[in-house]
Each structure stands twice: as C-alpha cells, then as structure tokens.
Amino acid sequence: MADEINVTQGAPEAVTVSRPDRPLVGRRAVEAVVMILLLGFAVVLGMDNIRTGIGWQSDGPEAGYFPFYLSVLLGLAAIYGLVDVALRREGRGEAFVTREQFVRVLLVFVPAALFVLATQFLGIYIGSFFLIAGFMYFIGRIALWKSLVTALIFVAVTFFTFEVSFNVIMPKGPIERALGF
Amino acid sequence: MEAFELLMQGFGVLLTPDKIGLMMLGLVLGVFVGVLPGLGGPNGVAILLPLTFTMDPTSAIVMLSCIYWGALFGGAITSILFNIPGEAWSVATTFDGYPMAQKGQAAEALTAAFTSSFIGSLVAVMLITFLAPSIATFALKFGPPEFFAVYFLTFCSFVGLGREARHKIVISLTLGFLLAAIGMDTVSGTLRMTFGSIELLRGINFLVAVIGLFGVSEILLTMEERLALRGHVAKIRPSTVLKVWRDLPRYWVTLLRSSAIGCWLGVTPGGAIAASFMGYNLAKRFARDPDSFGKGRIEGVFAPETAAHAAGTAALLPMLALGIPGSGTAAILLGGLMVWGLNPGPMLFVEQKDFVWGLIASMYLGNIIGLFLVIATVPLFAAVLRVPFAAIAPMILVSCAIGAFAIQNAMFDVWMMLGFGVVGYVFKKMEIPLAPLTLALVLGSRAEDAFRLTMIGSGGNFGVFYSNGLVGTIMTLALIMLFWPLISSLVERFRQGRRDSTVAAE
C-alpha cells in the first residue's frame, strides 16, 4: 500500500568530496570566538550609548539609558559564556563543522552573495535567472536545458506576480530599462 | 453573546469569492513551505509577506494566517512520511506517526494528524473568540507600568522556561533588544548606535532580520546536513478518512486533555514544543498499555498534534489581546500587522472591529477548508519532496531577497539579510535560540517606550512597579518565571527531603 521512495535533500551527491572528512574547526573554538565577538559588540554599543547619554534628564531617562543596560547584560552573558566554554568538560574535540560540510555551505553561500551583488547592478530578475540556472546546472548537475527552462519560468512568474499584478517594485537593471519597464 | 454576533459579522466579511480564493491560495502556499525541508511557519510567513503589501489589511492578514495554518498542517506530512519533523513541535508526532507509515498505515496516520490538528486549533480558536475580547477590555485599563510588566513577564518566561542554556537565551534576548534600538530614538529623536551610517538611520527592520535568521540560515544548514530522505508514499482514500473519524469519539479524553495542555502552554511564549511533548507523555502515562506507544499507535499521533496545534493557535491570543506574541510565528504576524499601521493590542478590538473579527473568523474557516484541502492533496505535496534541492534552494534564496527588498525598497536590506543568514546559521549550530531574539526585536521599542513613559510618570522611582495590586502581581509573576529553574529545583529538594523523612519515620 505504501510504496517506498528515496529522496536526497540538501547537496547532491555530485559535490561530495571523496577525501576522508576532517573537522575544520572545533565547536568550543567557535563558541569562544562568538562569545568574544558578542562581548566586543556589547562594549562598542555600550560606549556609544554612554556618548549618547545614560543619565537622567528632566523628562526621564536619556536615550542611551535603556540600551546601555542591555549592552551591559549582553556583555555579562557573553563573559559567562566564555567561562562556560573554558570550564566545560563535555564536547571537547567535537567538530563545529567538518571540511566537507563547510565546502557544501560555501557552495550555496558564495552563489547567494554573487546573486545579491548581481541584483545590485543588473536587477533582481537577471540575477535570479543566473542564480537558479547556474545553481541547478553547476551544483545540482541537472541538464542544461532543464536548468534554463526552470529559471526562465520562475523569473517570468515572479516578474508578472510582482511587477505586473501586485505592483511591488523590485530592483531593475539596464535590460529591463531597455525593455521599457 | 456579543462575541458571537461580531463573529458572524466576521464571517460575513470573509464569505466573498475573492477572500475564499485568497484563503485557499494561502493554505496551499503554507502547506508548500511547511513540507519543504528548511522552511516552516516563521520562514513561510516572512518570505510571503511582501505578496500581501498591496492588499487591504483584512485580505492580507487572512492570507497570512492561512499560510500559517497551511504550514502547521504541512509539518505533519514530513513527520509521518519521512520521519523528519518540519518544526520542532512536530518531533513528538514522528514517534508513532512514522512507525504507522512503516506498517503501511500512512493514510490513517495522516488523517489522524490532520484531524487532531483541526480539533486542537478549533478548541483554541473558541478560546480566543470568547476570551480575547474580555482580556482586551481588561487590558484597556493598563497604563505604561502594567504594559511594561507584561512585556517583562514575557521575556522572563522565555528565560525561565527555555530549554537552552540560560546565558544563551539572555544573549539572544538582549541582542534582539539592542538591534531594535538602533536608529532614531522615538522619544527624544536622538540617533543611537548608528555610527554615522545613513543606512542604519532607518533602524534594523524586523522582517529583514527574520528572513535572514530563519530563511537563509536554514538553506545553509540543509545544504550542510544533506538529509537522505527515506519515505513513504501515501494516498488518502475517503474510506480511510471515514474509518478514522468513526473511531474518533473513542479518543475524546486524549483529544480534550491535549487541547487543554496546548491552550494553557500556548499562551506562554515558546509553549508549542513543550505542549506537544507533554501531550504525548501524558497520553502514554494514562494509557492502559504504555509500551505500545512508539510502535505506531494512532493515539500517539492524536496526542502531540492536538496539543501542538492548540498551542500554535493559542499563541495568537496574547498577540491579539495584548500585542504580545506567544510564538516566533505569531511575532512575525504581529510584525505584519504593524506594516499596515495596525497597532496590535487592546485598542485593536475597539478601533478595528471588522479586522479583528474577520481574522478570528478566518481562523475557523481556514482550519475547516485546510482540513479538506490537505487531505485531498497529500500525494501532490509528498511529490514536492522529490523536486531536487538544487532547484528549490536558489528559488527560496530569490524569494528571501525579494521579501527583504520589498519591505523598505532598500538594497542595503538584502545585504543585511545575507549577514543575518550567517548569524542565524552560527547561532543555530551553537544552540542559541532565535525565538527570543525575534520577539525582542519586534517588541523592543514598545517595551522601551512603556518603560520610559513609566519612568517619566513616576519621576524615576522604581517603586511604581509595585504601586498597585495589578502591576505588582504581574511583576512578581515575572520574577517567579525568571527564577523558575531555581525555584523548581528547591521545591524538588524539599519534596525529596520530606519523602526521605516519611520513609525514615516508617
């Protein structure tokens, strides 16, 4: 009655690196770095709020009052986190991300960043066409014609949904301008 | 029965062909995002929000809430067919749902899940219908100190009841508050924490952050994990549905118990996950043969699904009546309301009657239509999972970018979304919860305004928070919540001690 199906979600097999998978960075190291960054963030924001004023005026607390004490709290929590990472016994040597995993994350993050860059200069429709077609063809190893057709249909549908029927303005580039939009 | 009359008016607003059409569209989109790995309630609502920008507020919120119901229904499909919970609160559904699918009873399990979601939501919606107006009327008497106390209670219960490490919850909360405070200060007009940047003048938009934190980060995580889905195909026949429904009355105790748990926990922030587990565990404890749980027992699907959905729906009660969302998704819906210039809270019931009752009526209709829609279209949605991720991932990214841009027409926001994506990825891996951050981001400025108005009113005297019975009670409750872990361990120790002494006396 229930037939089985198998589907692999996430990165396709083709991008698997065949070398043995080694941890790229440990969990504790990442936690420590994040806590230090948060502490730094808290200090920077706290200083800025002191500059704005954390005292009292005739009409109540100054603008920096509320955020200042929040940044103090954030800083304290980050220090606690640092101590916690340093003292904790469990999870030593545990990987935060392995090399292979990180490569896969970059395989989607780098195209995403390039897409945002392309959107800024060429508009979102051209950018998304290249992102979808490129991602499907190069990373998904899907046939070129399928990738191009899918991307084209998706772009056409979004264009008509937003630009034509809902009137939501999207970033556009030289090509749309040449077409008179 | 004023509520009933108003509700009927609400139905009147909704029963037009275009509203029903929007509801169906929202439900289908919702199930779609619920089924896709890595998406889910909060992401779906956040990404699809821009679609509604040009609608009138009632149509928009009706569609958004239907997306929410759809996503709730959709989560059950992946839990049962693929053993992959779409949302954290669907985890308990996999315990018995997946074994049922393995035994060839996928259709029964799915019908049970959808039906119990429907029942859970229905009970919670009825609660909202009859309780929300009175809570709102009561809350009209609230002044700034009371409101601040309620906000404080919300944040304290996050810290006290959260499952994650306390300092990580505090980090998430304070970070959300600080990000919300960036930009122009609403009271004095001073610039705060902008560091001379023009782009930061606008402040950090809540929805941009949410799309990055949930949507983009989830794509990164899915890509990293590479889930291999081994699933089952199911087609639901009308005879199966009727069979499950015929047996339904036998489980009325389970359904009622789970609904009650869900309603209770749903009102407290972050309660849906706890509710689903508690519903499951209690059903197991009260069963005559607890060992048969986990091996594909239909009650094991009924119990957590009813509780989770009652909680998911009850989370909208404090959002509507007090302007305080009970869950991450409710927070995003609240953000949506503010986009249309609506101010959620007690005044909404006075100023925007049509809107509120239209929304409540849409909760009833959306659930009824959703139940049948989802039963009819299960095979279709299971097929969605066969579409290669390499095609879906870039499309989701594009949708995220469209959403982030459309909110303020700013390219800077798209970059910020990408940045929040990285933050969300790291936070999720570090087990820093994102829900408190979301909540603080959306409530931050309101909480601060309430605090400052209170301080101005009292001339800086903190005693104002204990100046009358109401505010004092809420504040005390908040402190109890904050120190709940400490209190509960003390109580436990005390009980332990008493038990030891009685044993010794015998």
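The exercises below, with worked solutions, concern chains A and B of a predicted model. Residues are numbered from 1 along each chain as its sequence is written, and chains are lettered from A and ligands numbered from 1 in the order in which they are written. Local features need pLDDT of at least 70 and side-chain atom pairs count only at pLDDT 80 or more, while totals for chains, interfaces and linings use all residues.

**Exercise 1.** State how many helices and strands chain A has, and in which order they run.

Solution. Helices (H or I, at least four residues) and strands (E, at least two) are DSSP runs, numbered from the N terminus. Chain A has six helices and five strands. Read from the N terminus, the order is β-β-α-β-β-α-β-α-α-α-α.

**Exercise 2.** Describe the side of chain A that touches chain B.

Solution. Begin with the contacts (C-beta atoms, placed from the backbone, within 7 Å). In these terms, 69 residues of chain A are in contact with 66 residues of chain B. Next, assign the chain A side to elements: β1 (4-8), α1 (27-52), β4 (60-61), α2 (65-87), α3 (99-122), α4 (124-139) and α5 (144-165) each supply at least two residues. The largest share, twelve residues, comes from α3(A). Last, sort by class: 44 residues are nonpolar, 18 polar and seven charged. Here Ala, Val, Leu, Ile, Met, Phe, Trp, Tyr, Cys and Pro count as nonpolar, Asp, Glu, Lys and Arg as charged, and the others, Gly among them, as polar.

**Exercise 3.** Examine α4(A): its span, its buried residues and what covers them.

Solution. The expected span of a helix is 1.5 Å times one less than its number of residues. With 16 residues, α4(A) reaches 21 Å from its first C-alpha to its last, close to the expected 22 Å. A residue is buried if 20 or more other C-beta atoms lie within 10 Å of its own, exposed if 12 or fewer, and partly exposed in between, with C-beta atoms placed from the backbone. Among the buried residues of α4(A) are A:Tyr125, A:Leu131, A:Phe135 and A:Met136. Their cover includes α3, α5 and α6 (174-178) of chain A, together with α18 (389-408) of chain B. Just after the helix, A:Arg141 takes a positive phi of about 50 degrees.

**Exercise 4.** Explain why B:Gly26 counts as buried, and list what it touches.

Solution. B:Gly26 lies in helix α2 (residues 17-35) of chain B. B:Gly26 counts as buried because it has 31 C-beta neighbours inside 10 Å. Not counting residues up to four places away in sequence, B:Gly26 touches B:Met63, B:Leu64, B:Cys66, B:Ile67 and B:Gly70.

Conventions
Contact = placed C-beta atoms within 7 Å.
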